[in-house]
Amino acid sequence: MPTHAELIAEFRAGLASGVLPPGVTARDPAEAARRFAVYRNNVAHSLSRALASRYPVIERLVGEDFFRPLAAAFIAAHPPASPMLFQWGGEFPGFLAGFPPLRDLPYLADVAELEWLRGQAYHAADAQPADATALARAAEAPAQTLAQLHPSVRMLTSRFAAVTIWQANQPGVEPEPIDPDRPEGAAILRDRRDNVQVLPLAAGDLAFLAALGRGDTLLAAAEAAQALQPGHEAGSILITLANAGAFIAFPQEVAA
């Protein structure tokens, strides 16, 4: 008699191949096959809609008629490994990048990456953002002060206008001409009201945030931003990020 794990594996294989799994029976064998086909179709439809709910801008950009077979191809290549579907779909940006029919739309992968990062930010651990007093103290000693990022903070760096494309495809936004080949970046985080924010960032801003994430001091991060973008004003982006809830603490660097 097959084990429970073997039954599950055979059932999953049947969902992928369409072959009736062993042990799925009915009085009429043909009826068992028909019922399994209906179940398999329902599963495929549900997964397709789950993928669309995670990547609504991608569905809008390619159209519903194209998204359905696109989702089917992705599901076949990357079926869920867990019933917790919010953990599924992270391979979709890479899948888009390698999907031949979409080779003329190379920015889609980065737009999808932005959507995936938004989901990660939403489901990240909770933490209390630092208040204005902590920020003021940090600014007094930038050479010795670090910044601990909120668990929800994510970064996107794209060689395309992924952020603008994503913003332009939100409900109610009027379409405007976009140059897709303009590099863009953003910070993605969950704010104090549990809303996921997408904050467009310039090159210096991205360098500043990335340096803080690596454990650099505020001063060292500001210098990294200045090296990439001369004239960069670190104080401005520090305040913007702090107001959005991007930091939970400003610890002092421990001397070696």
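Two strands are taken to pair if DSSP finds at least two bridges between them. Helices (H or I, at least four residues) and strands (E, at least two) are DSSP runs, numbered from the N terminus. The structure is a predicted model, in which local features need pLDDT of at least 70 and side-chain atom pairs count only at pLDDT 80 or more, while totals for chains, interfaces and linings use all residues. Residues are numbered from 1 along each chain as its sequence is written, and side-chain values use heavy atoms, with hydrogens and water left out.

Three strands form an open sheet in the order S2-S3-S4, with antiparallel pairing. Strand S2 (154-158) and strand S4 (196-201) each have a single partner strand and stand at the edges, so one side of each is left without a neighbour in the sheet. From one strand to the next, the twist averages 20 degrees.

Five bridges link S2 and S3 in the antiparallel sense; across this pairing, Thr 157 has Gly 185 in S3 as its bridge partner. On the S4 side, strand S3 (residues 184-190) is joined to S4 by six bridges, and the two run antiparallel. Here Arg 190 has Val 196 in S4 as its bridge partner, and Leu 189 stands opposite Gln 197 in S4.

In a regular strand the side chains alternate between the two faces of the sheet. Both faces of S3 are covered: Glu 184, Ala 186, Ile 188 and Arg 190 on one side, and Gly 185, Ala 187 and Leu 189 on the other, are all buried (under 20% relative accessible area, with exposed meaning over 50% and partly exposed in between, for a 1.4 Å probe and protein chains only). Because seven of the seven residues of S3 are buried, the strand is largely enclosed by the rest of the structure.

The hairpin formed by S3 and S4 has five residues between the strands. Asp 194 lies in this loop between S3 and S4. Although Asp 194 is not a glycine, it has a positive phi of about 65 degrees. Its relative accessibility of 46% means that Asp 194 counts as partly exposed.

The axes of helix H9 (residues 203-213) and helix H10 (residues 218-228), lines fitted to C-alpha atoms over the stretch in contact, come within 8 Å and cross at roughly 150 degrees, on a scale that runs from 0 to 180 degrees between N-to-C directions. That makes H9 roughly antiparallel to H10 (over 145 degrees; under 35 is roughly parallel, 65 to 115 roughly perpendicular and the rest oblique). Ala 203, Gly 204, Ala 207, Phe 208, Ala 211 and Leu 212 in H9 meet Leu 218, Ala 221, Ala 222, Ala 224, Ala 225 and Leu 228 in H10, contact meaning heavy atoms within 4.5 Å. The residues of this contact of H9 with H10 comprise 11 nonpolar, one polar and no charged; Gly is counted among the polar residues.

With a relative accessible area of 23%, Leu 149 is partly exposed. Leaving aside neighbours within four places in sequence, Leu 149 is in contact with Leu 209, Gly 213, Ala 246, Phe 247 and Ile 248. Of these, Ala 246 is 97 residues from Leu 149 in sequence, yet the two are 5.7 Å apart in space, C-alpha to C-alpha.
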